[in-house]
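Here's a quick tour of the model on your screen, from salt bridges to overall fold. Have the viewer open and follow along.

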Amino acid sequence: MSLTLHHHPLSSFCQKVSIGLYELEVPFGANLVDLGDPAQRAALVKLWPFGKFPAIHDASSGAVVAESTTILEWLDARAGGGKLIPRDAERAARVRFLDRILDLHVHLPMQKAVGDKLRPEGSKDPVGVAQAKAQIATSYDWLEMQLNERDWAAGPEFTMADCAAAPALQYAQHAVAFGERPRLSAYYERLTKRPSFARVLAEAKPYWEMFPGA
Ligand SMILES: N[C@@H](CCC(=O)N[C@@H](CS)C(=O)NCC(=O)O)C(=O)O
């Protein structure tokens, strides 16, 4: 097995990649990184100087691939292409567009809300958290319109955009409830029934008590 995913099952960006790996049925080994352990953090930094996961190491070529979207693009191409990112250029652009919206306008503000819970008293950022939650609500409204007459985020097929959506929405709903957005709620329900995401949720469950809330 040449691929090793350096990750943590509770990490949302790692979940995004795990979903893609399961969708593509790519065999891989997993190295669970405890960032609270200085030696494990140092080993990750050695591999990827930014010290963030997910990162994939390919022992057959020595390549280290990081950044969840790039990893999914790389994995899809390696698996023959056309599954997580459609071959058709216009549809591929739509998938990449949704992936960007979900990462930048749902996932990152969600991280801001969750990250604030981990800050010590006296260094919290309530204004920043309120802005992040407003950004998530705007994204939900936009997604509610986009999800009209489509099963998945970017169209009729499950793609990289759905890999991005599932963990981002899973955590974001703890910061901002889906509320009266029936298409978004139904879409999230569909995601939880997708075997790749259901497996990722099950893998995260033993660690859930580490989630600080949002
Ligand atoms: N843009 C990166 C974000 C990765 C990221 O933020 N990973 C988080 C976990 S979800 C992390 O490594 N946090 C640990 C840290 O920043 O020290 C991607 O898409 O992979």
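A salt bridge here is a side-chain nitrogen of Lys or Arg within 4 Å of a carboxyl oxygen of Asp or Glu. By that rule the structure holds 13 salt bridges. Side chains of opposite charge can pair when their charged atoms come close.

Some ground rules: this is a predicted model, where local features need pLDDT of at least 70, side-chain atom pairs count only at pLDDT 80 or more, and totals for chains, interfaces and linings use all residues. Residues are numbered from 1 along each chain as its sequence is written, and side-chain values use heavy atoms, with hydrogens and water left out.

**The fold**

You'll find eight helices and four strands in the chain; these are DSSP runs (helices H or I, at least four residues; strands E, at least two), numbered from the N terminus. Starting at that end, the order is β-α-β-α-β-β-α-α-α-α-α-α. As for overall dimensions, the C-alpha atoms fill a box of roughly 50 × 50 × 25 Å along the principal axes. The radius of gyration is taken over C-alpha atoms, and the globule rule is 2.2 Å times the number of residues to the power 0.38. For 214 residues a compact globule would come out near 17 Å, and the chain has 17 Å, so the two agree.

The chain splits into domain 1 (3-78) and domain 2 (89-194), with bounds that come from an automatic or database domain assignment. Their centres, over C-alpha atoms, sit 22 Å apart. Counting contact as heavy atoms within 4.5 Å, 12 residues of domain 1 touch 16 residues of domain 2. About 1100 Å² is buried between them, with carbon and sulfur atoms giving 59%; buried area is the accessible area (1.4 Å probe) that two parts lose on being put together, summed over both.

Four salt bridges are counted between domain 1 and domain 2. Helix 1 (12-24) and helix 3 (68-78) each supply at least two residues of the side of domain 1 that touches domain 2. Helix 1 gives the most to that side, with seven residues. By type, the residues on this side of domain 1 are four nonpolar, five polar and three charged.

| Salt bridge | N to O distance |
|---|---|
| D99 and K16 | 3.0 Å |
| R96 and E73 | 2.7 Å |

**Backbone details**

Which peptide bond is cis? The one from F53 to P54, with omega near 15 degrees. P54 lies in the loop between helix 2 (38-47) and strand 3 (55-58). Also take a look at E25: its phi is near 55 degrees, a positive value in a residue other than glycine. E25 is in the loop between helix 1 and strand 2 (29-32).

Note on methods
Nonpolar A, V, L, I, M, F, W, Y, C, P; charged D, E, K, R; others polar.
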